[in-house]
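Please look over the sequence and the model shown here before reading the report that follows.

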Amino acid sequence: MKLYRPATVLVGVMFVLLGGLSRLAAPDQVFDEANRVVVQGTIGEALDYNGSTVTVQRVKFARAYLTGDSDEKPVQSSGIYVAVEYDTVRGTAEVPYPTTRLVTADDTVYAPISETWGNNIDFAEPGFGISSSVVFEVDPTNVEGLTLQVRTGPLYNVLTQDVAVDLGVPDEKVAQQLIDAAAPEYLIPRGGVKRVAS
């Protein structure tokens with residue numbers, strides 16, 4: 001029977017440990033989706049988001065947008081703008097940094113336009129609510145199955161609750177009707193409207 005030297009065993013153990021650490025260093029392992037609980041709902045439902053609530057009130061399609069500056073011209077697009085108007089109510093717990101995105105039925109992901117990126121989705125102080133909107137520029141040929149996702153930022157790797165809201169575009173026919181009826185312009189509200197939560 002042949003015995004291995006301690007140095008050989010130590011080298012083998014080091015390789016096993018390095019293999020495990022390299023797996024942990026990969027982002028899909030560090031922030032595994034197993035730590036996300038997704039609360040799903042539809043327009044008009046108040047959905048729990050880590051002790052606070054998020055409610056999508058309405059969705060509007062537009063061919064251009066304005067930010068409210070007096071000398072600004074409408075910003076046009078070869079695509080279409082989708083404005084998601086929402087209400088949030090802050091609970092007593094800290095709200096982790098929320099990011100929003102639109103996801104289609106074929107897993108295409110749209111990020112908010114830069115004019116609404118700063119107020120990606122807003123929460124007021126505990127006991128207060130905010131009404132605002134977030135705007136996305138999307139491909140008009142790919143809006144079927146639009147879902148708004150509100151996700152906790154990647155720095156939070158504890159158990160989190162994310163939100164997924166079905167925006168009511170089940171098929172191409174409905175998508176085309178919404179695009180055909182799109183407003184000429186959408187005015188992006190500045191800072192949202194703060195109120196006492198009811």
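## A network of charged side chains

Arg58 is partly exposed, with a relative accessible area of 42%. This value, like all others in the report, belongs to a predicted model. Arg58 takes part in a salt bridge with Glu85, in which the closest N and O atoms are 2.8 Å apart. The two residues come from distant parts of the chain, since Arg58 belongs to strand β3 and Glu85 to strand β4, and they are 27 residues apart.

Lys60 is partly exposed, at a relative accessible area of 37%. Taken together, Arg58, Lys60 and Glu85 are linked in a network of salt bridges.

## Another salt bridge

The count of salt bridges comes to three, and one of them is formed by the side chains of Lys194 and Glu125, which meet at 3.1 Å from N to O. This pair also links distant parts of the chain, as Lys194 is in strand β11 (residues 193-196), whereas Glu125 is in the loop between α3 (114-117) and β7, 69 residues apart. Lys194 counts as partly exposed at 48% relative accessibility, and Glu125 likewise counts as partly exposed at 40%.

## The nonpolar cores

The largest nonpolar core has 29 residues, and those with the most contacts inside it are Val84, Leu102, Phe136, Val138, Leu146, Leu148 and Leu167. Several elements each supply at least two residues of this core, including β3 (52-66), β4 (75-89), β7 (128-138), β8 (147-152) and the helix α4 (172-180). The largest share, four residues, comes from β4.

Which residues is Leu102 in contact with, leaving aside its neighbours within four places in sequence? Among them are Val82, Val84, Tyr110, Phe136, Val138, Leu146, Leu148 and Leu167, and also Thr108 and Thr147.

## An open sheet of strands

Five strands form an open sheet in the order β1-β9-β8-β5-β6, and their pairing is mixed. At the edges stand β1 (36-42) and β6 (109-110), each with a single partner strand, so one side of each is left without a neighbour in the sheet. Within this order, strand β5 (residues 98-103) is joined to β8 by six bridges, and the two run antiparallel. To follow this pairing in the model, one can look for Thr100, which stands opposite Val150 in β8.

## Two loop residues with positive phi

Asn50 has a phi near 55°, which is a positive value in a residue other than glycine. Asn50 is found in the loop between β2 and β3, and although it is part of a loop, Asn50 is buried, with a relative accessible area of 17%.

Asp107 likewise has a positive phi, near 70°, and is a residue other than glycine. Is Asp107 buried or exposed? Asp107, which is found in the loop between β5 and β6, is exposed, with a relative accessible area of 60%.

Notes
Residues numbered from 1 in each chain as written. Predicted model: local features only at pLDDT ≥ 70, side-chain atom pairs only at ≥ 80, totals over all residues. Heavy atoms only, no water. Core = buried A, V, L, I, M, F, W, Y, C linked by side-chain atoms within 4.5 Å. Buried < 20%, exposed > 50% of the residue type's maximum accessible area, 1.4 Å probe, protein only. Contact = heavy atoms within 4.5 Å. Salt bridge = Lys/Arg side-chain N within 4 Å of Asp/Glu carboxyl O. Pairing = 2+ DSSP bridges.
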